[in-house]
Amino acid sequence: MARYMPMSKLYAPTLKEDPAEAELASHRLLLRAGMIRRTASGVYSYLPLAWRSIKKIEAIVREEMDAIGAEEMLCPILSPAELWEESGRWGLYGPELMRVHDRHDRDFALGPTHEETFTDLVRGELRSYKQLPLSLYQIQTKFRDERRPRFGLMRGREFIMKDAYSFDANVEGMQASYNAMKDAYARICERCGLEAVPVVADSGQIGGDTSVEFMAIADAGEAAIVYCECGYAADEEAAAASVEVAEGPGGPEVARVQTPGLGAIADVAAFFEVPESACRKSIAILDGEGKPVVCIVPGDHEFNEVKAAKVFGEFSMMDDGQLERAGLVKGFIGPVGLPEGVALYCDQSLRESTCWLVGANEVDYHLTGVRPGRDFEPAGWLDLVSAHEGDGCPECGRPLHEARGIEVSQVFQLGTKYSEALHATFADEDGREKPFQMGCYGVGVSRTLAAIVEQKNDENGIIWPVSVAPYEVSVLALSMKDASVVEAAERLAAELADAGVDVIYDDRDERAGVKFAEADLMGFPYQLVCGKRGIANGVCELKDRATGERREVSLDDAVETLVALVGDARN
Ligand code: ATP
Ligand code: MG
């Protein structure tokens, strides 16, 4: 007979107060709900409730992997230094690689990822094209000595990852394996209840992506992204959006306007009563060779340092002294009458604009009505700004949305990088030895758990999607002193468990308020509340944690109702 979990036995030490060390909702709530505990910096224990959710996430991952024909196995965590030396990563990986050595003074890495191990595993034994393609995966603890471990499970030094590796005979095969994996990753996110977008991390030379990161949308995310309904999504720093700019104030001729002390774009826009996009922002840098360069961008857009570095090399922003030496006036730099030796580049979005509001290269003055081509000529028109909300999607032109994201997984075409380095070859149809075309793929299982909580919570606690909830239903007996309540609640819990529902039964001798608060905090999707009065009338109350909706159900219908609700939501 299926069993329900009596809450009196559950090990879930809840916290009344918000833990001081937790900045993120997910970190705070997982601690408060008694689901995780810190053992050391970036090293956490998963308590019973969290472990149940982890196992459900893993089950979803396994189903999706198995569905595309990937095979589960398990490699060791310890990985000998020689393998890493073969790939060159023993030196390259740096302090993030956790290293240990044994009593014979031999070095090992605690695996942060397993390209070397898997490539070594198949070399010499996966011999023929007839055995390809092959995809292997494992779910395992990974180690990375992160510079800044933080946010609980989000960025740990020890964490759970599903990693997979594909081996193909040729590039087309690798792309097919990669695409199957990418589709499976999208389904994993969806089934875990995550709102996530695939962001192109890397594009191939012949078009199409060679690496995609799945970003769970959350304000607390470390990545800034823009995305569109058409499916386009990109890192804000990489997106090539089309930026709409406004024309500046004033007539067709250049006018010199006194703007005392108005160096900041917001002040200039307010003074001329125009939007910031009608202003032009000047950024003064020293390029990779130390030469002064002025870049002009729309006033409402950020100068993108990643894009700029691609053009100007290892540049730096000019400080006050450097500005002065170059003959530039801080706050009032503009394209007209730049000092000798200062190069000028403008953002490509400004190319069609004919009436610019710019600094006059003179203290406390701006110019209006400035026209490129007539009044100045830049050395080039470049993509120099970060995309943001409302900019045009480069694929369909519709306005982009801006969001922050948590990277929960990534797919990657490796090509022959590791197979060549480790001499892992197979005999192709024509009898020739060739290196495998490989792909590598990773799902952050423990980070996924944190990302789900980050997306699904309210002021009272966690709101688990049914598919990954530690328990799907909690039965609350409001009065343990009342025999009829206890008997009804126990029976409901047992019947639900028999019907295959994951049930926890709050049988503790606690006040109703405590039981409600903890059921909300722990986030069970459905609560079945058995009170004295209701039971006397043959009813209990069913609360939906996500919507807060409550309704009465008869004791006779409760099990059937819940089985249907849970079944629909399980996916
Ligand atoms: P990040 O950029 O966040 O450091 P990454 O790109 O280095 O991550 P990958 O090598 O792509 O990470 O690893 C695959 C997945 O493992 C990531 O998408 C993420 O979900 C998870 N992951 C990586 N590092 C950590 C960590 N320190 N703690 C928890 N999960 C992690
Ligand atoms: Mg990654």
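This briefing covers the domains, nonpolar cores, ligand sites and local backbone features of a predicted model. Local features require pLDDT of at least 70 and side-chain atom pairs pLDDT 80 or more, while totals for chains, interfaces and linings use all residues. Residues are numbered from 1 along each chain as its sequence is written, chains are lettered from A and ligands numbered from 1 in the order in which they are written, and side-chain values use heavy atoms, with hydrogens and water left out.

**Domains**

- The domain assignment gives domain 1 (25-240 + 402-454), domain 2 (255-382) and domain 3 (471-570); such bounds come from an automatic or database assignment.
- Taken over C-alpha atoms, the centres of domain 1 and domain 2 are 43 Å apart.

**Nonpolar cores**

- A nonpolar core is a set of buried Ala, Val, Leu, Ile, Met, Phe, Trp, Tyr and Cys residues joined through side-chain atoms within 4.5 Å. Buried means under 20% relative accessible area, exposed over 50%, and partly exposed in between (1.4 Å probe, protein chains only).
- The largest nonpolar core holds 59 residues, and Leu-30, Met-65, Tyr-185 and Trp-464 have the most contacts inside it.
- Helix α2 (residues 48-67) gives the most to this core, with seven residues. Helices (H or I, at least four residues) and strands (E, at least two) are DSSP runs numbered from the N terminus.
- This core lies between domain 1 and domain 3, because both give residues to it.
- Leaving out residues up to four places away in sequence, Leu-30 touches Met-35, Ile-36, Leu-153, Leu-449, Ala-450, Val-453, Ile-462 and Trp-464; contact means heavy atoms within 4.5 Å.
- A second, separate core has 29 residues, among them Val-485, Ala-488, Tyr-526 and Leu-542.

**Ligand sites**

- The magnesium ion (ligand 2) is coordinated by Glu-407 (OE) and Gln-410 (OE1), at 2.0 to 2.2 Å. Donors are N, O and S atoms within 2.8 Å of the metal (3.2 Å for Na, K and Ca); water is not among the atoms, so sites may look incomplete.
- Glu-407 is partly exposed, with a relative accessible area of 28%.
- Ligand 1 is surrounded by 14 residues, of which the closest are Arg-144, Glu-146, Arg-155, Gly-156 and Glu-407; a residue counts as near if one of its heavy atoms lies within 4 Å.
- An oxygen atom of ligand 1 is 3.1 Å from an N or O atom in the side chain of Gln-410.
- Polar backbone atoms also approach ligand 1 oxygen: one of Val-408 at 2.9 Å and one of Gly-444 at 3.4 Å.

**Ser-282**

- Ser-282 is in strand β15 (residues 280-286).
- Its side chain reaches the backbone oxygen of Ile-333 at 3.0 Å. A polar contact is a pair of N or O atoms within 3.5 Å; within protein, one must be able to donate a hydrogen and the other to accept it, and residues adjacent in sequence count only if both atoms are side-chain atoms.
- Apart from neighbours within four places in sequence, Ser-282 is in contact with Val-294, Cys-295, Ile-296, Ile-333 and Gly-334.

**Backbone features**

- Most residues other than glycine have a negative phi, and most peptide bonds are trans.
- The peptide bond from Leu-132 to Pro-133 is cis, with omega near 0°; Pro-133 lies in the loop between α5 (115-122) and β8 (134-143).
- Asn-361 has a positive phi of about 60° and sits in the loop between β19 (356-359) and β20 (365-370). Asn-361 is buried, with a relative accessible area of 17%.
- His-423 has a positive phi near 55° in the loop between α10 (417-421) and β23 (425-427). His-423 is exposed, at 63% relative accessible area.
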